[in-house]
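These are my notebook entries on a structure that was new to me. I wrote them in the order in which I looked things up.

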Amino acid sequence: MDDEVQIARSVGARPVLRLTGVCLMSLFLAMAPQAHSTDRSQDGLVDVDLQLILAVDVSPSMSKVEQRVQRDGYVDAFRHADIAGAVKSGERGRIAVLYLEWAGPNQQTVIVPWTIVQSREDALNLADRLAALSLTEGRGTSISGALSAANDLFANSGLRSPRRVVDISGDGPNNAGALLDPIRQVLLAEGVTINGLPIALPRIGGADGFARYGRSNLQSYFERCVIGGPDAFAIGVTEPAMFATAVRRKLVREIAMNTDLVIYATYTARSDSTTDCNLIGQLPGR
């Protein structure tokens with residue numbers, strides 16, 4: 001086993017890294033995907049069918065109960081046999097997944113670093129690692145910060161794939177940090193697909209003092225301002241009971257690229273109105 005793989009596996013025991021602006025290259029190398037040296041090509045990259053970043057909202061508008069529902073939804077999804085089946089449908093039969101929790105412009109926390117999934121056992125191990133880690137929290141809702149972090153994580157992944165996807169969840173618009181559209185356009189120009197999981201759950205777990213964004217408006221915002229790229233889509237979640245199913249079906253579609261495998265949890269058709277994505281939710285002076 002080479003030194004690079006040895007480092008990746010040792011760091012994987014407690015894979016939490018908070019990205020606050022400038023990210024040191026040594027930290028990215030420590031987050032290299034867990035793969036056997038024989039899986040690497042001559043240029044040192046690991047070939048996979050898909051690089052998937054799960055970018056999950058932990059901003060203050062999400063109560064602790066809602067955050068737990070969200071985290072458990074991803075854990076349950078990776079424990080389902082459908083995920084392993086979708087992975088095996090690819091040309092190489094393996095993908096790489098990174099789980100990122102985000103809030104304000106200076107908080108993007110890597111909870112599970114790049115992890116190769118090529119079997120049911122790999123998917124179950126990823127679910128167990130995710131379930132064992134504590135929830136994070138932060139201030140503000142910076143989708144632009146999450147996408148900027150995703151861009152850096154892709155650039156330093158040590159992976160090669162025909163598809164790269166950011167799967168971003170959230171319960172409100174970008175309201176802190178940089179404007180959303182410029183970094184979104186950077187990712188789209190690089191061929192990255194941005195998918196969305198707009199979350200408009202009934203208030204559970206107590207009020208946080210933050211107004212909830214309207215359900216239909218949130219779906220429209222994600223469709224018009226967040227998602228983009230090849231085969232991009234958004235699935236809205238409006239009830240806690242449907243979260244795990246929605247996440248699983250969304251992941252299956254992203255991994256297998258088979259639209260017949262998805263039943264939308266909820267969907268609001270696009271309206272004909274024009275949306276200024278740089279103004280919605282943005283606070284003066286931000």
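**Entry 1: the chain as a whole**

I noted at the outset that this is a predicted model. I then looked up the make-up of the protein chain and found 9 helices and 8 strands. The chain has 286 residues, of which 51% count as buried. Among contacts with a separation of 6 or more, 81% are accounted for by residues 24 or more positions apart.

**Entry 2: helices α3 and α5**

I turned next to helix packing. Two packed helices are described by the angle between their axes and the distance between the axes. How are α3 and α5 oriented to each other? Helix α3 covers residues 64-79 and helix α5 covers residues 120-132; I recorded an angle of about 160° and axes 8 Å apart. An angle over 145 degrees counts as roughly antiparallel, and α3 and α5 are therefore roughly antiparallel to each other. Their crossing is left-handed. On the α3 side I listed Arg71, Tyr74, Val75, Phe78 and Arg79. The α5 side contributes Arg120, Ala123, Leu124, Leu126, Ala127, Asp128, Leu130 and Ala131. By class, the contact of α3 with α5 holds 9 nonpolar, no polar and 4 charged residues.

**Entry 3: helices α3 and α9**

I then looked at how α3 packs on α9. The angle is about 50° and the axes are 8 Å apart, which makes α3 oblique to α9. The crossing of α3 past α9 is right-handed. From α3, the residues that meet α9 are Val69, Gln70, Gly73, Tyr74, Asp76, Ala77 and Phe78. From α9, they are Phe243, Ala244, Val247, Arg248, Lys250 and Leu251. I counted the contact of α3 with α9 by class as 8 nonpolar, 2 polar and 3 charged residues.

**Entry 4: helices α4 and α9**

Helix α9 also packs against α4, so I looked up that pair. Helix α4 spans residues 81-88 and helix α9 spans residues 243-256; their angle is about 10° and their axes are 8 Å apart. An angle under 35 degrees counts as roughly parallel, and α4 and α9 are therefore roughly parallel to each other. The contact is formed by Asp82, Ile83, Ala86 and Val87 of α4 with Arg248, Leu251, Val252, Ile255 and Ala256 of α9. I noted its classes as 7 nonpolar, no polar and 2 charged residues.

**Entry 5: alanine 84**

I stayed with helix α4 and looked up alanine 84, which lies in it. Is alanine 84 buried or exposed? Its relative accessibility is 12%, so alanine 84 counts as buried. Apart from residues up to four places away in sequence, alanine 84 touches Ser119 and Arg120. The C-alpha atoms of alanine 84 and arginine 120 are separated by 5.0 Å, although the two residues are 36 residues apart along the chain.

**Entry 6: glutamate 101**

I moved to strand β4, residues 95-102, where glutamate 101 is found. Glutamate 101 has a relative accessible area of 1% and is therefore buried. Which residue's side chain joins that of glutamate 101 in a polar contact of 2.5 Å? The partner is threonine 136. Beyond its neighbours within four places in sequence, glutamate 101 is in contact with Val56, Val58, Arg71, Gln107, Gln108, Thr109, Ile111, Leu135 and Thr136.

Aspartate 171 is located in the loop between β7 (163-170) and α7 (180-189). Its relative accessibility is 5%, so aspartate 171 counts as buried. Its side chain makes a polar contact of 2.8 Å with the side chain of serine 61.

Glycine 140 sits in the loop between α5 and α6 (143-155). Glycine 140 is partly exposed, at a relative accessible area of 23%. Not counting residues up to four places away in sequence, it touches Ser59, Pro60, Ala103, Gly104 and Asn175.

Aspartate 231 lies in the loop between α8 (215-226) and α9. Most residues other than glycine have a negative phi. Phi of aspartate 231 is near 60°, a positive value.

Note on methods. Residues are numbered from 1 along each chain as its sequence is written. This is a predicted model: local features need pLDDT of at least 70, side-chain atom pairs count only at pLDDT 80 or more; totals for chains, interfaces and linings use all residues. Side-chain values use heavy atoms; hydrogens and water are left out. Helices (H or I, at least four residues) and strands (E, at least two) are DSSP runs, numbered from the N terminus. Buried means under 20% relative accessible area, exposed over 50%, partly exposed in between (1.4 Å probe, protein chains only). A polar contact is a pair of N or O atoms within 3.5 Å; within protein, one must be able to donate a hydrogen and the other to accept it, and residues adjacent in sequence count only if both atoms are side-chain atoms. Contact means heavy atoms within 4.5 Å. Axes are lines fitted to C-alpha atoms, for helices over the stretch in contact, and angles run from 0 to 180 degrees between N-to-C directions. Angles under 35 degrees count as roughly parallel, over 145 as roughly antiparallel, 65 to 115 as roughly perpendicular and the rest as oblique. A crossing is left-handed if the near helix is turned anticlockwise from the far one by less than a right angle, and right-handed if clockwise. Ala, Val, Leu, Ile, Met, Phe, Trp, Tyr, Cys and Pro count as nonpolar, Asp, Glu, Lys and Arg as charged, and the others, Gly among them, as polar.
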